[in-house]
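Here are a few friendly exercises, each with a worked solution. Please have a look at the structure first, then try each task before reading on.

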Amino acid sequence: AEHANQSKTHFLAAASHDLLQPMNAARLFSSALSLHPALSGDAQQLAKQVDSSLRGAEELLSALLDISRLDAGALNPHQEPIALSDLLRELAEQVRPVAQQRHLQLRLHLPEAPVWVVSDRQWLRRILQNFINNALRYTREGGVLIGLRARQTNGQSTWRVDVLDTG
């Protein structure tokens, strides 16, 4: 069973790595195409959607590669204090042009004081980015709300990240 698990991990790593190369090339082409000045509005929108879909597939392959590294013990999380509210503001600003282009309202509901967590910055960023991107991707009208909500759990104060959408 252990040998089979190691073989699976090795296969996932190799396949993910090999698939990422042509995916990166396809993304470069689709990105260049979406920025081409000769494209009409509809064709440009379609090119941007292709680029967005390729980016999503690329992110999934990257996640598979990370999972295989984690299984193999080759990827260790780097725990550090992170200002969660600042990270959410940064992510919201990065996707704000996408929301505006799609005529969606993007709102933040964050406490005035910073909220701190201890986590791996890259992994946490990737997870939150995925939630936000999915909310924007599948919302046709209305908007997306990104917020932090204080909660009491077993007498302890905790925080919950909400990504709410009308899609």
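**Exercise 1.** Work out how helix 2 passes helix 4: which hand does the crossing have, and how are the two helices oriented?

*Solution.* Start with the hand: in this predicted model, helix 2 crosses helix 4 in a left-handed way. Next, take the axes of helix 2 (residues 41-71) and helix 4 (residues 121-137), which come within 12 Å and cross at roughly 150°. Angles over 145 degrees count as roughly antiparallel, so helix 2 is roughly antiparallel to helix 4.

**Exercise 2.** Explore the largest nonpolar core: which residues have the most contacts inside it, and which helix gives the most to it?

*Solution.* This core has 20 residues, and Leu88, Leu106, Leu128, Leu136 and Ile146 have the most contacts inside it. Now trace where its members come from: helix 3 (84-101), helix 4 and strand 4 (143-153) each supply at least two residues. Helix 3 gives the most, with seven residues.

Then zoom in on Leu106. Leaving aside neighbours within four places in sequence, Leu106 is in contact with Ala92, Val95, Arg96, Ala99, Val144 and Ile146.

Terms used:
Residues are numbered from 1 along each chain as its sequence is written. This is a predicted model: local features need pLDDT of at least 70, side-chain atom pairs count only at pLDDT 80 or more; totals for chains, interfaces and linings use all residues. Side-chain values use heavy atoms; hydrogens and water are left out. Axes are lines fitted to C-alpha atoms, for helices over the stretch in contact, and angles run from 0 to 180 degrees between N-to-C directions. Helices (H or I, at least four residues) and strands (E, at least two) are DSSP runs, numbered from the N terminus. Angles under 35 degrees count as roughly parallel, over 145 as roughly antiparallel, 65 to 115 as roughly perpendicular and the rest as oblique. A crossing is left-handed if the near helix is turned anticlockwise from the far one by less than a right angle, and right-handed if clockwise. A nonpolar core is a set of buried Ala, Val, Leu, Ile, Met, Phe, Trp, Tyr and Cys residues joined through side-chain atoms within 4.5 Å. Buried means under 20% relative accessible area, exposed over 50%, partly exposed in between (1.4 Å probe, protein chains only). Contact means heavy atoms within 4.5 Å.
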